[in-house]
Protein chains: 2
Amino acid sequence: MLQTSARLLKLLSLLEMRRDWAGDELAGRLEVTTRTVRRDVDKLRELGYPVHATTGTAGGYRLGAGASMPPLLLDDEEAVAIAVGLGAVVSAGVGGMEETSVRALAKLEQILPPKLRKRVGAFRSHTVGINFGGETVDASVLTLLANACRDHDRLRFEYRAHGGSESYRITEPHRLARAGRRWYLLAWDIDKADWRIFRVDRITPVTPTGPRFTPRELPDPDVSAYIGRKVTIGAYQTKVRATLHCPAELARQRIPERYGTVTPIDDETCELESRADNVDGSAYYLASFGWDFEVHEPQELKDRLAELATRLTKAAGA
Amino acid sequence: MLQTSARLLKLLSLLEMRRDWAGDELAGRLEVTTRTVRRDVDKLRELGYPVHATTGTAGGYRLGAGASMPPLLLDDEEAVAIAVGLGAVVSAGVGGMEETSVRALAKLEQILPPKLRKRVGAFRSHTVGINFGGETVDASVLTLLANACRDHDRLRFEYRAHGGSESYRITEPHRLARAGRRWYLLAWDIDKADWRIFRVDRITPVTPTGPRFTPRELPDPDVSAYIGRKVTIGAYQTKVRATLHCPAELARQRIPERYGTVTPIDDETCELESRADNVDGSAYYLASFGWDFEVHEPQELKDRLAELATRLTKAAGA
DNA sequence: TCCCTTGAGGACAGGACCTGTCCGCAAGCG
DNA sequence: CGCTTGCGGACAGGTCCTGTCCTCAAGGGA
């Protein structure tokens with residue numbers, strides 16, 4: 001019964017929208033009797049979505065957190081907000097779990113009504129990006145690649161090689177992965193008849209995507225490791241060592257374990273050790289804490305800091 | 001029929017998961033005949049979710065983008081990724097549409113299974129935050145406040161006033177809003193019997209939330225404007241004027257309209273004018289472009305840059 | 001061009017399911 | 001104690017669902 005299914009969905013949407021609902025209200029909204037509401041609530045429960053109910057004057061229904069994830073019923077604005085937000089996170093590479101985020105974003109964008117997609121696009125172009133020293137990647141390119149991987153669609157794109165020369169590639173995209181601060185695409189290059197790793201920020205995809213292909217066996221089951229091996233230069237290569245003039249506890253609060261390790265020296269200072277792929281990023285990151293610090297290595301970072309200091313001195317004026 | 005509804009949901013989930021599905025496959029997954037699959041597909045279409053179908057050898061079903069947003073069926077990982085990502089965006093205040101993002105996040109967290117919620121929490125604490133000069137706000141505090149506003153739950157919290165003194169507040173929370181780089185809560189303070197505006201980063205909420213209350217008429221229908229008027233100090237108050245040593249076009253590419261206006265001076269330089277609430281933020285932002293620049297006002301920003309330059313000189317070592 | 005594959009959809013029959021109505025019960029709350 | 005609100009059994013009429021069978025239509029490959 002279509003009406004029943006639609007009503008169940010609507011009921012779920014109502015329950016997600018507000019926390020407490022009286023049976024009466026729900027019945028009114030759904031245009032059925034309260035008896036039917038009770039039955040529908042039961043159905044949701046049978047489907048595994050725990051709807052709590054309380055009796056008495058202030059009673060009502062309330063959707064709880066269950067064992068599995070219920071369908072998310074978003075209104076237009078929320079959908080746009082998630083697309084924009086997730087896009088910002090993904091393209092800046094913050095938050096961790098990058099691949100999954102891209103997958104989720106791709107899923108969302110695929111079913112996003114065109115009207116909303118436009119709004120997302122408009123927002124992305126007018127929004128201050130999170131850009132923390134590293135290059136950002138266009139979120140729409142990422143979702144396009146993610147979808148092509150998922151759907152085994154052949155992909156054609158312009159690729160700007162390191163030297164600046166452009167080439168036209170026809171590929172069978174297999175995986176999207178992050179290494180360091182960059183996104184990479186692992187794909188089978190048709191013309192070269194071999195696996196290639198492409199930097200996503202150098203890709204300009206050609207739409208529409210091509211015909212479907214049958215996936216090949218990957219050159220290595222652990223794609224991240226494979227990319228990490230192949231893309232030797234750049235990613236998380238340089239060791240950074242610095243003394244921070246602040247208590248270790250404070251530093252630990254501000255600096256996530258993921259970024260690096262903090263070792264106390266005395267009550268007032270501590271040592272930070274981490275790896276960075278991007279000297280600029282590290283420079284801004286260290287500067288942003290507001291503590292005094294000294295960098296011991298790499299020299300490159302010290303040079304960059306000196307350079308930055310010069311620029312800022314000039315910027316501050318006479 | 002429960003089975004039918006559940007099957008429709010499962011069908012939708014399958015269609016969201018992969019792009020192309022053969023009728024056979026779907027029938028197998030759903031354990032019904034292909035005839036029933038066809039009928040179910042029809043039902044989805046009637047519900048407004050456009051399912052395209054192609055005949056022939058490479059035929060199959062495919063979910064398209066419709067007029068309205070279909071329910072998002074996320075797997076566990078995707079749900080966690082969205083919660084983490086959106087949390088990062090919201091607490092850093094990037095991406096725009098802050099209020100809606102918080103609403104969406106609150107909705108998601110409310111139905112997030114406890115197991116996943118733990119994973120989200122773990123991730124948040126181990127993750128490098130986006131922290132661009134401004135204070136970040138705890139995403140879980142924000143969602144808690146958003147939910148309290150939505151559900152009209154009384155809220156108790158510890159509040160650290162400007163001077164550092166703590167007070168215990170019992171409030172009726174009404175709205176959450178951003179002004180400048182900060183989050184504010186507009187609430188009715190029970191003890192003071194008046195409206196108060198609280199900075200979210202100074203709030204430590206006490207769980208659980210209290211009993212429900214009936215919302216009052218807001219002191220001003222335009223809450224942002226109201227907060228903007230009341231919170232005179234800080235928010236987007238200072239005018240920033242700087243000369244950038246780069247072509248105007250380039251600057252316009254990097255600097256979103258939202259942040260400020262760029263006026264060309266000559267082919268090599270341009271002027272940037274914007275407003276900032278946060279001198280630190282502006283300092284890092286300007287520095288991050290990699291162009292030479294000079295700040296004309298405010299003096300505070302120049303001081304900060306000079307200070308930063310000193311620190312960086314020291315950091316770069318002898 | 002022909003044939004195979006795959007989706008579309010009408011007809012049919014048996015059965016499952018849904019809904020509204022009526023009613024007695026239980027649990028909060030004042 | 002009484003009011004409000006949710007719970008759920010029973011019942012009857014009607015709707016809807018499913019599998020089966022069959023004929024078409026539209027791509028794609030040989």
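1. A helix here is a DSSP run of H or I with at least four residues, and helices are numbered from the N terminus. Thr100(A) is in such a run, helix 5 of chain A, which covers residues 98-111. The model is a predicted one.

2. Is Thr100(A) buried or exposed? Its relative accessibility is 10%, and buried means under 20%, so Thr100(A) counts as buried. Leaving aside residues up to four places away in sequence, Thr100(A) touches Glu77(B), Glu78(B) and Ala81(B).

3. The contact between the chains takes 96 residues from chain A and 96 residues from chain B. In chain B, the residues that lose the most area to chain A are Met69(B), Lys107(B) and Ile111(B); together they make up 9% of what that side buries. The size of an interface is often given as the accessible area lost when the parts come together. For chain B and chain A the buried area is about 8,700 Å², with 64% of it on carbon and sulfur atoms.

4. The rule finds 16 salt bridges between chain B and chain A. One of them joins the side chains of Arg19(A) and Asp153(B), at 2.5 Å from N to O.

5. Which helix gives the most to the side of chain B that touches chain A? That is helix 4 of chain B, residues 76-92, with 12 residues. The residues on that side of chain B divide into 52 nonpolar, 26 charged and 18 polar.

6. Helix 7 of chain B runs over residues 139-151. Its 13 residues should span 18 Å at 1.5 Å a residue, and the end C-alpha atoms are 18 Å apart, so the two values agree. This helix is mostly covered, as 11 of its 13 residues are buried. Among them are Ala139(B), Leu142(B), Asn147(B), Arg150(B) and Asp151(B). Just after the helix, His152(B) takes a positive phi of about 55°.

7. Arg311(A) belongs to helix 11 of chain A, residues 299-316. Where does Arg311(A) touch chain B? Not counting residues up to four places away in sequence, Arg311(A) touches Ala287(B), Gly290(B), Trp291(B), Asp292(B) and Phe293(B). Arg311(A) has a relative accessible area of 11% and is therefore buried. From C-alpha to C-alpha, Arg311(A) and Thr33(A) are 72 Å apart in space, and in sequence they are 278 residues apart.

Notes: Residues numbered from 1 in each chain as written. Chains lettered and ligands numbered in written order. Predicted model: local features only at pLDDT ≥ 70, side-chain atom pairs only at ≥ 80, totals over all residues. Heavy atoms only, no water. Contact = heavy atoms within 4.5 Å. Buried area = accessible area lost by both parts, 1.4 Å probe. Salt bridge = Lys/Arg side-chain N within 4 Å of Asp/Glu carboxyl O. Helix = DSSP H or I, 4+ residues; strand = E, 2+ residues; numbered from the N terminus. Nonpolar A, V, L, I, M, F, W, Y, C, P; charged D, E, K, R; others polar. Buried < 20%, exposed > 50% of the residue type's maximum accessible area, 1.4 Å probe, protein only. Expected span 1.5 Å × (residues − 1).
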